[in-house]
Amino acid sequence: MDTRFDLFSNELAARFAKRFANAGMVINQSPLPKATQELVSLRASQINGCGWCIDMHTKEAAAAGESQVRLHLVAAWRESTVFTEAERAALALAEEGSRLADAHQGVSDETWAQVRKHYDDDQIAALVCLVALINAANRLAVIVHQRGGSYEPGMFAAALG
């Protein structure tokens, strides 16, 4: 399966990508821990089957010092002991926020209560925006068949200049 459309070489798509990346910078510069940001992005990307984003977030997290054990266990975080309670709340929010069509209520009150317990308002704002943003990024990449495997850490930031 070849890439259907190169979003990075089309002028309109490139302008959109720069603004999209700017929104991501707001989250990146937020008080939400970087490890949590990468874990959430990775989990949502796994759910959405986005090879490009899985490749990117796995490699970016590893380059930032995330352990291979934790990266390998993100898909089965409920069945592991390597994530903090705060990270578990964020991963639950990522899952429920990514699977909106699978549940009539969206994010459960139980998950929301756990998020409120572990994060302040600015971190929650960043977390909610991150879940929305990574789901949008997954959809962009999956629609055009942007495939994973060739990403190098820092590549996305360099492409946007």
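Predicted model: local features only at pLDDT ≥ 70, side-chain atom pairs only at ≥ 80, totals over all residues.
Let me begin with helix H1, which runs over residues 11-28 and so counts 18 residues. From its first C-alpha to its last, H1 reaches 25 Å, close to the 26 Å expected at 1.5 Å a residue. Within H1, the buried residues are Ala13, Ala17, Phe20, Ala21 and Ile27, and because these cover an arc of only 105 degrees around the axis, they fall on the same side of the helix. On the other side of H1 we find Glu11, Leu12, Arg19 and Val26, which are exposed. As for the N-terminal end of H1, Asn10 caps it, with a side-chain oxygen lying 3.0 Å from the backbone nitrogen of Leu12.

That brings me to the largest pocket, whose volume is about 1100 Å³. The pocket is lined by 43 residues, of which Ala21, Gly24, Met56, His57 and Phe156 are the closest to its centre. Which elements give two or more residues to this lining? They are H1, helix H2 (34-48), helix H3 (51-63), helix H7 (121-143) and helix H8 (155-160), and H1 gives the most, with 12 residues.

Now to the cysteines, where a search of the whole structure finds 0 disulfides. The pair to look at is Cys53 and Cys50, since the closest cysteine sulfur to that of Cys53 is in Cys50, at 3.3 Å, and this is too far for a bond when the cut-off is 2.5 Å. Cys53 counts as buried, with a relative accessibility of 2%. Cys129 is likewise in no disulfide, and its nearest cysteine sulfur, that of Cys53, is 17 Å away; at 44% relative accessibility, Cys129 counts as partly exposed.

Finally, I would like to turn to Asp120, which sits in the loop between helix H6 (109-118) and H7. Is Asp120 buried or partly exposed? With a relative accessibility of 41%, Asp120 counts as partly exposed. A polar atom of the Asp120 side chain lies 3.1 Å from the backbone nitrogen of Asp122, and for the backbone nitrogen of Gln123 the distance to a polar atom of that side chain is 2.8 Å.

Methods. Residues numbered from 1 in each chain as written. Heavy atoms only, no water. Helix = DSSP H or I, 4+ residues; strand = E, 2+ residues; numbered from the N terminus. Expected span 1.5 Å × (residues − 1). Buried < 20%, exposed > 50% of the residue type's maximum accessible area, 1.4 Å probe, protein only. Arc of directions from axis to C-beta. Polar contact = N/O pair within 3.5 Å; in protein donor to acceptor, adjacent residues only side chain to side chain. 1 Å grid on protein atoms, 1.4 Å probe; cavity = no way out; pocket = protein on both sides within 12 Å on 5 of 7 lines; lining within 4 Å. Points joined across faces, edges and corners; volume = space filled by probe spheres on them.
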